[in-house]
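User: I have a model open and would like to go through it piece by piece. Can you take my questions as they come?
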Amino acid sequence: MCNDFFRTSECKEFCDIRKNLVVKDSGNKQEYRITNENAKEICKIRIDRCLIKEGERCDYLILSCEDKLAFFVELKGHDLKKAITQIDSSLTKVIHKIQDFKIYARIVLNRNPTPDINSSVEIKLKKRLKKVNGDNSLELIKYKSKVLEESF
């Protein structure tokens with residue numbers, strides 16, 4: 001279950017068992033969508049200018065409480081490296097609150113990303129997530145343009 005820190009946080013947008021969740025910022029086209037097939041508790045936490053007010057930070061943290069999954073979400077124009085840096089920085093600032101969770105990065109860009117397989121920031125974050133998660137079946141870092149959809 002999600003801890004009281006997130007349930008009582010002023011940055012919590014909701015913690016409930018809704019079937020569909022959409023993460024979107026007003027004025028932006030990018031969307032991260034989750035289908036909550038098994039009606040498990042999900043919390044949506046605003047990170048940007050709420051949970052983390054200063055420094056680099058991503059937009060949201062989505063917690064699947066029963067499954068102990070944490071998704072750091074960044075809705076970005078086109079700068080994939082910057083989005084990865086923002087997620088990495090956010091992870092550093094809140095990891096102590098989600099120590100027993102598997103952690104993932106989700107990035108939705110305004111236009112198609114051109115992956116840079118040699119990107120040191122992406123390699124660094126993947127290694128960090130792999131160390132935290134161990135063996136896992138979900139993609140550690142997933143990015144797409146316009147809409148990124150997942151089910152769990």
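User: Is Lys 93 buried or exposed, or something in between?

Analyst: Lys 93 counts as partly exposed, because its relative accessibility is 34%, where buried means under 20% relative accessible area, exposed over 50%, and partly exposed in between (1.4 Å probe, protein chains only). Please keep in mind that this is a predicted model, in which local features need pLDDT of at least 70 and side-chain atom pairs count only at pLDDT 80 or more, while totals for chains, interfaces and linings use all residues. Residues are numbered from 1 along each chain as its sequence is written, and side-chain values use heavy atoms, with hydrogens and water left out.

User: Where does Lys 93 sit, and what is it in contact with?

Analyst: Lys 93 belongs to helix α2, residues 80-94; helices (H or I, at least four residues) and strands (E, at least two) are DSSP runs, numbered from the N terminus. Apart from neighbours within four places in sequence, Lys 93 is in contact (heavy atoms within 4.5 Å) with Ile 52, Glu 54, Gly 55 and Glu 56. The side chain of Lys 93 also reaches the backbone oxygen of Glu 54 at 3.3 Å.

User: And how far is Arg 57 from it, C-alpha to C-alpha?

Analyst: The C-alpha atoms of Lys 93 and Arg 57 are separated by 8.9 Å, and the two residues are 36 residues apart along the chain.

User: Switching to cysteines: how many disulfides are there?

Analyst: A search of the whole structure finds two disulfides, a disulfide being a pair of cysteine sulfur atoms within 2.5 Å. One joins Cys 11 to Cys 50, with an S to S distance of 2.1 Å. Cys 11 lies in the loop between α1 (4-7) and β1 (12-16) and Cys 50 in the loop between β4 (42-46) and β5 (60-64), so this pair ties together parts that are 39 residues apart in sequence. Both Cys 11 and Cys 50 are buried.

User: What about the other pair, and which hand does each link have?

Analyst: Cys 15 and Cys 43 form the other disulfide, their sulfur atoms 1.9 Å apart. Cys 15 lies in strand β1 and Cys 43 in strand β4, so the pair ties together parts that are 28 residues apart in sequence. The link of Cys 15 and Cys 43 is right-handed, with 115° about the S-S bond, whereas that of Cys 11 and Cys 50 is left-handed, with -95°. Cys 43 is buried, at a relative accessible area of 0%.

User: Which residues of β2 are on its covered face, and what does β2 join?

Analyst: In strand β2 (residues 20-23), Leu 21 and Val 23 form the covered face, while Asn 20 and Val 22 form the uncovered one. Four bridges join β2 to strand β3 (residues 31-35), and the two run antiparallel; strands pair if DSSP finds at least two bridges between them. Val 22 has Arg 33 as its bridge partner in β3.

User: Last one: what does the whole chain look like?

Analyst: The chain has three helices and nine strands, and its C-alpha atoms fill a box of roughly 40 × 35 × 30 Å along the principal axes. Buried residues make up 47% of the 152 residues.

Note on methods: Polar contact = N/O pair within 3.5 Å; in protein donor to acceptor, adjacent residues only side chain to side chain.
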